[in-house]
Amino acid sequence: MAMTCCAPSSAVALFRSLGDPTRLAIVLRLAEGEARVVDLTRGLGLAQSTVSKHLACLRDCRLVGYRAEGRQSFYSLSHPELIDLLRSAETLLARTGDAVALCPVYGEPERAGRDAS
């Protein structure tokens, strides 16, 4: 089955934007509903500067948007299809078992060593 979605470089950029653990955590939290930076810092246990930096990246990619209310900004996912993508990824990961996590290139090296012993 041939894919006709987008240029490979665009798909790579999308997955790189989601490939950072902090950005993915922010996206997963925003999948539950909108949040302020303070909500994200408390909920994820991260510094405000870290959350703000990653939100800026996600905004630049147009994956996250915000609305201002007084002096506060409420962030949310710009595209509900992103939730579908994450659900599809969960399904695929469940079907591959530990293969992705144990991948020698992209997996978790500490887990691969632990599982081998």
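Here is a friendly conversation about a predicted model of one protein chain.

Student: What makes up this chain, in terms of helices and strands?

Tutor: The chain has 6 helices and 2 strands. Along the sequence they follow the pattern α-α-α-α-β-β-α-α.

Student: Why is α1 called roughly perpendicular to α2?

Tutor: Start with the general idea: two packed helices are described by the angle between their axes and the distance between the axes. Here, the axes of α1 (residues 8-19) and α2 (residues 21-30) cross at roughly 85° and come within 6 Å. Angles of 65 to 115 degrees count as roughly perpendicular, so α1 is roughly perpendicular to α2.

Student: Which residues make that contact?

Tutor: From α1 they are R16, S17, L18 and G19, and from α2 they are P21, R23, L24 and V27. By class, the contact of α1 with α2 has 4 nonpolar, 2 polar and 2 charged residues.

Student: How do you know that S17 is buried?

Tutor: S17 lies in helix α1. Buried means under 20% relative accessible area. The value for S17 is 5%, so S17 is buried. Leaving aside neighbours within four places in sequence, S17 is in contact with R23, L58, C61 and L63.

Student: What about α2 and α4; why are they described as roughly perpendicular?

Tutor: Their axes are 10 Å apart, and the packing angle is about 80°. The range for roughly perpendicular is 65 to 115 degrees, and therefore α2 and α4 are roughly perpendicular to each other. On the α2 side, the contact is made by T22, R23, I26, V27 and L30; on the α4 side, by T50, V51, H54, L55, C57 and L58. The residues of this contact divide into 7 nonpolar, 3 polar and 1 charged.

Student: What makes a group of residues a nonpolar core?

Tutor: The members must be buried residues of nonpolar kinds such as Val, Leu and Ile, joined through side-chain atoms within 4.5 Å. The largest such core here has 16 residues, and those with the most contacts inside it are I26, V27, L30, L40, L55 and V64. The elements giving two or more residues to this core are α2, α3 (37-44), α4 (48-60), β2 (72-77) and α5 (81-96).

Student: Which residues does V27 touch?

Tutor: Not counting residues up to four places away in sequence, V27 touches L18, L58, L77, L82 and L86.

Student: And how much of the chain is buried?

Tutor: Buried residues make up 21% of the 117 residues. The accessible surface of the chain comes to about 8300 Å², with 56% belonging to carbon and sulfur atoms.

Key
Residues are numbered from 1 along each chain as its sequence is written. This is a predicted model: local features need pLDDT of at least 70, side-chain atom pairs count only at pLDDT 80 or more; totals for chains, interfaces and linings use all residues. Side-chain values use heavy atoms; hydrogens and water are left out. Axes are lines fitted to C-alpha atoms, for helices over the stretch in contact, and angles run from 0 to 180 degrees between N-to-C directions. Helices (H or I, at least four residues) and strands (E, at least two) are DSSP runs, numbered from the N terminus. Angles under 35 degrees count as roughly parallel, over 145 as roughly antiparallel, 65 to 115 as roughly perpendicular and the rest as oblique. Contact means heavy atoms within 4.5 Å. Ala, Val, Leu, Ile, Met, Phe, Trp, Tyr, Cys and Pro count as nonpolar, Asp, Glu, Lys and Arg as charged, and the others, Gly among them, as polar. Buried means under 20% relative accessible area, exposed over 50%, partly exposed in between (1.4 Å probe, protein chains only). Accessible areas come from the Shrake-Rupley method with a 1.4 Å probe; for residues, only the protein chains shown count as cover.
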